[in-house]
Amino acid sequence: MKSPFDGGDYALLLINNDGSIRPTERVALSEEIVRTSCRYAVCTGFYCSEWDDSIDEAYVGSDPNFDPPDERFVMTTWHENETLNDVVEYFRWNTVFDDFVPDKFLIMVIGPTQALQYELLELVEKWFCD
């Protein structure tokens, strides 16, 4: 996976819409998310708490001594049984911590998007374009 913002820090909304993702796939993608300078990962959908844990573990494992620098810290949250509206609103307004204030946002949908597509586009417009 190539860095979506030329190495710049970003906040990620990860929507897992596929309940069949294998743990090894989740680990590999989590490592790439950390490697590409994600600083805040908001996880929702199937197994969202496992995604949260996997990204946390990828962050810790990003240092050979399991002690990565605080200035690269990746904050994670999971949002189980919350509406997509609530999650997108959280993603827009609550992904600030310490000195990190995101100006780049990435939404990643894993799995089928047809049912989500229009609702997600409307919510992005609602929370990001006002």
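Tutor: We start with the term for pairing: two strands pair if DSSP finds at least two bridges between them. Helices (H or I, at least four residues) and strands (E, at least two) are DSSP runs, numbered from the N terminus. On these terms there is an open sheet of four strands in the order 3-2-1-4, with parallel pairing. The model is a predicted one, in which local features need pLDDT of at least 70 and side-chain atom pairs count only at pLDDT 80 or more, while totals for chains, interfaces and linings use all residues. Residues are numbered from 1 along each chain as its sequence is written, and side-chain values use heavy atoms, with hydrogens and water left out.

Student: What makes strand 3 and strand 4 stand at the edges?

Tutor: Strand 3 (75–79) and strand 4 (105–110) each have a single partner strand, so one side of each has no neighbour in the sheet. Neighbouring strands of this sheet are turned by 15° against each other on average, direction ignored. Such axes are lines fitted to C-alpha atoms, for helices over the stretch in contact, and angles run from 0 to 180 degrees between N-to-C directions.

Student: How do you know that strand 1 and strand 2 are joined?

Tutor: Strand 1 (residues 10–16) and strand 2 (residues 38–45) run parallel and are joined by seven bridges, where pairing requires at least two. Ala11 has Tyr40 of strand 2 as its bridge partner, and Leu14 stands opposite Cys43 in strand 2.

Student: Which strands does helix 3 lie across?

Tutor: Helix 3 (residues 84–93) lies across strand 1, strand 2, strand 3 and strand 4, and runs at about 165° to strand 1. Helix 4 (residues 114–128) lies across strand 1 and strand 4, and runs at about 165° to strand 4.

Student: Why is the link between Asp9 and Arg39 called a salt bridge?

Tutor: The term requires a side-chain nitrogen of Lys or Arg within 4 Å of a carboxyl oxygen of Asp or Glu. The closest N and O atoms of Asp9 and Arg39 are 3.5 Å apart, so the pair is a salt bridge. Asp9 lies in the segment before strand 1 and Arg39 in strand 2, so the pair ties together parts 30 residues apart in sequence.

Student: Why is Arg39 called buried, but Asp9 partly exposed?

Tutor: Buried means under 20% relative accessible area, exposed over 50%, and partly exposed in between (1.4 Å probe, protein chains only). Arg39 has 8%, so Arg39 is buried. Asp9 has 24%, so Asp9 is partly exposed. Arg72, at 32%, is likewise partly exposed. Asp103, with 61%, is exposed, whereas Lys104, with 28%, is partly exposed.

Student: What makes the buried residues of helix 2 line one face?

Tutor: The buried residues in helix 2 are Cys48, Trp51, Asp52, Ser54, Ile55, Ala58 and Tyr59. Seen down the axis of helix 2, they fall within an arc of 165°, so they line one face of the helix. That arc is taken over the directions from the helix axis to the C-beta atoms. As background, an α-helix has 3.6 residues a turn, so residues three or four places apart point the same way.

Student: Which elements do the buried residues of helix 2 pack against?

Tutor: They pack against strand 1, helix 1 (23–35), strand 2, strand 3 and strand 4. Contact here means heavy atoms within 4.5 Å.

Student: Why is Thr44 called buried?

Tutor: Thr44 lies in strand 2 and has a relative accessible area of 8%, which is under 20%, so Thr44 is buried. Strand 2 is mostly covered, with seven of its eight residues buried.
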